[in-house]
Amino acid sequence: MAKTKKLWLAVAAMAALVAISGLAWQAAGKYQAVHAELRTARMEQAEAAAPDGGLQAQELLAQPAAQDGVTLHRAAYYPQAQTLICFFEDEDPNRDIYLAALPDINATILPEEYGITTAIFEDVPPEALAGGIVVDLTDWQFESSHPVTFALDG
């Protein structure tokens, strides 16, 4: 009986270790996805033309912002390339994501990694950041629209 109890405790401890390792792996992957330093062709051109050979990122969020189940973890603006990169969690990439000041500029949406969707906007002048970024939480039949605006510092 004591051997069986020890065996079950060992199995339970191993299962807990596997679960904790999986959660740690997911958290590390999510952190890497949110803090990725991405470069588009436009950004590489601006970087090559920059006097110091580098782009300066302006972080437009002091901390992650959550609304209606969607979280904007990070928004990085590169003024030399006029590029804005946003990192969302729990965002359906089939929904509209746009800048309030420039609703006709579509984002390039990268495949989701660790639950993080990346939206890249180019040709964004600094004054266009004032209105924030909008995520339109439409239903799947596109019968309703619920735009949610995330304010950007900058």
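**Close-up views of side-chain pairs**

**Figure 1. Arginine 74 and glutamate 37 join up in a salt bridge, with their closest N and O atoms 3.2 Å apart.** This pair links distant parts of the chain. Arginine 74 sits in strand β3 (residues 70–78), while glutamate 37 belongs to the loop between α1 (2–34) and α2 (41–49), and the two are 37 residues apart. As in every view here, what you see is a predicted model. How accessible is arginine 74? Its relative accessible area is 6%, and because buried means under 20%, arginine 74 counts as buried.

**Figure 2. Glutamate 59 also forms a salt bridge with arginine 74.** Here the closest N and O atoms are 2.9 Å apart. Glutamate 59 comes from strand β1 (residues 58–59) and arginine 74 from strand β3, so this contact ties together parts that are 15 residues apart in sequence.

**Figure 3. Helix α2 meets a loop where arginine 42 forms a salt bridge with aspartate 123.** The closest N and O atoms of this pair lie 2.4 Å apart. Arginine 42 is in helix α2, and aspartate 123 is in the loop between β7 (116–122) and β8 (133–136), so the bridge ties together parts that are 81 residues apart in sequence. Are these two side chains buried or partly exposed? Arginine 42 counts as partly exposed, at 30% relative accessibility, and aspartate 123 is likewise partly exposed, at 43%. The structure holds four salt bridges, among them the bridge between arginine 42 and aspartate 123.

**Figure 4. Phenylalanine 88 and phenylalanine 150 form an edge-to-face aromatic pair.** A pair of aromatic rings is described by the distance of the centres and the angle of the planes. For phenylalanine 88 and phenylalanine 150, the centre-to-centre distance is 6.1 Å and the angle between the planes is 65 degrees. Because planes over 60 degrees apart count as edge-to-face, the 65 degrees found here place the pair in that class.

Methods
Residues are numbered from 1 along each chain as its sequence is written. This is a predicted model: local features need pLDDT of at least 70, side-chain atom pairs count only at pLDDT 80 or more; totals for chains, interfaces and linings use all residues. Side-chain values use heavy atoms; hydrogens and water are left out. Rings of Phe, Tyr and Trp (its six-membered ring) pair if their centres lie within 6.5 Å; planes under 30 degrees apart count as stacked, over 60 as edge-to-face and the rest as tilted. A salt bridge is a side-chain nitrogen of Lys or Arg within 4 Å of a carboxyl oxygen of Asp or Glu. Helices (H or I, at least four residues) and strands (E, at least two) are DSSP runs, numbered from the N terminus. Buried means under 20% relative accessible area, exposed over 50%, partly exposed in between (1.4 Å probe, protein chains only).
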